[in-house]
Amino acid sequence: MSPLTLKLWRDLRSFRGQVLAIAVVIATGVMIMILGAASLEAVSKAQQRFYDSHQFAQLFSHVSRAPEHLLPRIQAMDGVSQVESLLRTPVRMAVPGYDKPVRGLLLSLPDGQQPRLNRLHLREGSLPDRAQPYGVVLNEPFAEAHGLRSGDTLTAIIEGREQQLVVTGIGLSPEFIYQIGPADILPDYRDYGVLWMNRSTLARALDMQGAFNSLALTLQLGAVEQDVIAALDQLLEPYGTAGAFGRDDQVSHHFLTEEKKQLQVTATVLPAIFLGVSAFLLSVLMGRIVRTQRQQVAVLKAFGYANGSIVWHYAQFTLLVVVLGGLLGTVLGAWFADGLVALYAEYFRFPDLRYQFQPRLAVLAMAIAALAAMAGTGRALWQAVQQQPAEAMRPPAPERFSPGWLERSALARVISQPSRIILRNLTRHRTKAVLSILGIALSVGLLVLGSYQWASVKKLVDIQYRLIHTMDLHLSFTGPVPERALAELRSLPGVQYVEGYRSVPVRLVNGTRQYLTGIQGLEPEPQLRRLIDSQHQPVALPTEGMVMTHYLADYLGLAAGDSLEVQVMDGAQPRLTMTLARVIEEPVGVGVYLERRQLNRLLGEGPAINGAWLMVDGEDSTALFERLWQMPKVAAIGHIREAREKLTAYLDDTMLVFMGVLLLLAAASAFAVVFNNARIAFAERARELATLRVLGLSQREVGWVVMGEILLLTLLAIPVGWLLGVGFALLVAEALSTDMFRLPVIFTPQVFAFAALGVLLAALLSGLLMLRHLRRLDMVGALKTE
Amino acid sequence: MAVQPEAIFVSRNLTKQYTMGEVTIHALRGVDLELYAGELVVLLGASGSGKSTLLNILGGLDAATGGDVRYRDLQLTGASDRVLTRFRRDHVGFVFQFYNLIPSLTARENIAVVTDIAPDPMTPEEALALVGLENRMDHFPAQLSGGEQQRVAIARAIAKRPAVLLCDEPTGALDSRTGIKVLEVIRHINETLGTTTAVITHNEVIGQMAHRVIRLSDGRVSEVHENSQRLSPAELHW
């Protein structure tokens, strides 16, 4: 082993505390990068495989009823590769052993065969053959939620007729990787299910022989999706088309895309923060090592070592820290990735979602970490080779000090000499002090980032269910009913207050941007489903124009007062130009709202509703439920309490688990930063501290010089760190915003207090560790070294 | 010297070993010695003779391996850190080859570090006047020459009116002219304050200003020589 290599190992050993601390921060960055990237890759690959092997369609169109003989014309259209017609209809089901009615979506299969597009992946059983007219295949999560297996039976109400169904198989479809009910924000496998049956049976039940109400298409290579959509919409217009749409507007695909976007953020923004912090720490550490070893560097140069080999020597140190952190992060990442992928498998149903360790990901993560580290240590390395050997071999002259502004104040007379040393050191080494403050502030910021989301998640649930959804029950009807149905609901036992709504699917278009969503028509001042502004104050609906969530307005590039095109995808399908009257704040979903009668007018209908919200007195709602279920128009009943529990469980499952891990790592990193800082401060003052000890100052008095500096720096860093943390949080919140959720960025005093206390605790602990070093300080040795 | 002055340091069969890697170094191999109140002693020896180790043990910076050393009634061997800190704080002034001033404090404040904690100190101003630096009180170490820095270090050492002044190669980093000025200050302190003073050096010439010269070699006292006639520092040449 060459002497330089030996020196390298010994340096690493003597700085092991700091090396380890920095390695932990690097490991955190690498781990998150690997987790994000590995999950992203696993999900993307599984998605791609499933789409390819099961012929996921590229275009979809729903119509009221179109004749089958249109198919050859569609097939002959420019850009169309394959087309398949089918039937689909919402159903209400009853599952044995489950006392609540279940909503469902029933789709047709070519009798006894796989469809050409959106083929099913069978987990068990088989497709229903021709001899089993009422055989069905269930989507796997729904079957799992009810413990249904092949051979089991359930009841469905199709077009008002009750029908016994037999499960012949359980499967998955590329169309329902993410299975979510209409208007739901979260999957609910018990109360909503997808199932398939033979086309001839379903056609008979719907009276749709020789007709279809849904199309799936694939496109030829190079076909322009918009052109095909336009042609298709034109052709289908007489048949009540709701407008064809591509994969981007297909629910499951859309959610999957959003999720992948989030993973991308996870794999970039967070690691960037952690690797940036570690690069900063390394730069401080390397700066100090190079400074203290200037005589060694001089000797090496005097003996004829080239600048290159000296730079390489110190660069190796940096790289070894990176490799250590990288390996640790890789191991942790691989460990957690399994769990994360399993979590994805719960929400996104693929035939096979596998996590595969990708060595190239680990290498890539480490390369990025190394780049960041080298960028951070470049200055120190440059300094190492800049000095002339002769100059470096002379001991450095005492540094120049002058009384700072602090000491010209009245404070000067009361502070002790050790305190004066602290103040002078900080004011003299301003750059160093600023860097230390910045370093500690970074760790305060990490703690804010790791902890603010807990309060935010709570706030989100609170806003959603205390301020917005104040109803107890949510009814949706099978179709529009006259407003007077509300009176009937009001008369039901236990019902205290009722509010109706009318919702309709629309495509919102502003220039090239468009979004498929639904408009809800509400009472002018809705009480059970409120609209709130950014101050959380209730907002009344304007008499003219619509309101939408801030997130959607941003997405469409709209501000209050702008007009936009609204393509209604129901009934007569009018295309309207409307004004955006105002923007509201909602943390969940992408809502668009209009005064209900205004919506009724636009749809060319009388005062109608297709859903209602109820406030009931909580005691006994059995009677109420029985009555509600007897109403043929009631398609679904939702408990808000259950929705709330579901949302909370989902957030606990996904976000908070992730945030818990992040907080743990943020805390570890925070400690690493503070400890590093203290260790360096101690090492740089060893001689001074030893002198003070020799002069008869007690350990406690000398300890103050160390502890006081750490504490002072920490106190100065805390407000800066709060600011940084708010910045980090805004950055991450913005990046993690999806159609589904926007975590409200709120900062409770507890978050700031927590971050401050955390870092003070770290400072205290580091200080105590330094005091231990102080006890072992070799007074004689420190006096000899010059 | 008077009939029989009080011996304030007494060491008997003092030994010190330490290991460096796998080598055991016998720095002191049984030192018997007395230092008397008010005398100025020069400890002479080549490097490795054990003189610094001896001084460090006398000053309470290092612990002996064996034997016995007492300061007046205080047993230094085996004393706790707390006792040794107290001992240094109240009784001992140190002067080092490399001055060891705190660079962030002015001359006056460097002395205040000690006077703040001593029971009966002189003021920093008085101490600086004693070493002839009353005009440089608010200068930082970086603004002082090597000789001036060493005089500040001496002022710092004597400001608490210590009973003992221990100087480890006080002129080692200085040219001879500046060195002589520093020695004049040391002699002046010894004479005006009566501080028992031990000066370590490898420079034979300096021995001529001492009351007694104790020569160490190979971890033992090899010779004790009493100067019948002392020279003043100004008369020394090297």
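Reply:

**The helix pair α20(A) and α21(A)**

The axes of α20(A) and α21(A), the latter covering residues 749-775 of chain A, come within 9 Å and cross at roughly 155°; axes are lines fitted to C-alpha atoms, for helices over the stretch in contact, with angles from 0 to 180 degrees between N-to-C directions. Helices are DSSP runs (H or I, at least four residues), numbered from the N terminus. The model is predicted: local features need pLDDT of at least 70, side-chain atom pairs count only at pLDDT 80 or more, and totals for chains, interfaces and linings use all residues. Residues are numbered from 1 along each chain as its sequence is written, while chains are lettered from A and ligands numbered from 1 in the order in which they are written.

α20(A) and α21(A) are therefore roughly antiparallel to each other (an angle over 145 degrees). Their crossing is right-handed, that is, the near helix is turned clockwise from the far one by less than a right angle. Among the residues making the contact are Val706(A), Ile718(A) and Trp722(A) of α20(A), and Phe752(A), Leu760(A) and Met770(A) of α21(A); contact requires C-beta atoms, placed from the backbone, to lie within 7 Å. The residues of this contact divide into 16 nonpolar, seven polar and one charged, where Ala, Val, Leu, Ile, Met, Phe, Trp, Tyr, Cys and Pro count as nonpolar, Asp, Glu, Lys and Arg as charged, and the others, Gly among them, as polar.

Ile718(A) also marks a kink of about 35° in α20(A), shortly before the proline Pro719(A); the bend is the angle between axes fitted to the seven residues ending there and the seven starting there. α20(A), residues 699-735, has 37 residues and reaches 50 Å from its first C-alpha to its last, close to the 54 Å expected (1.5 Å times one less than its number of residues).

Key
Helix = DSSP H or I, 4+ residues; strand = E, 2+ residues; numbered from the N terminus. Parallel < 35°, antiparallel > 145°, perpendicular 65-115°, else oblique. Contact = placed C-beta atoms within 7 Å.
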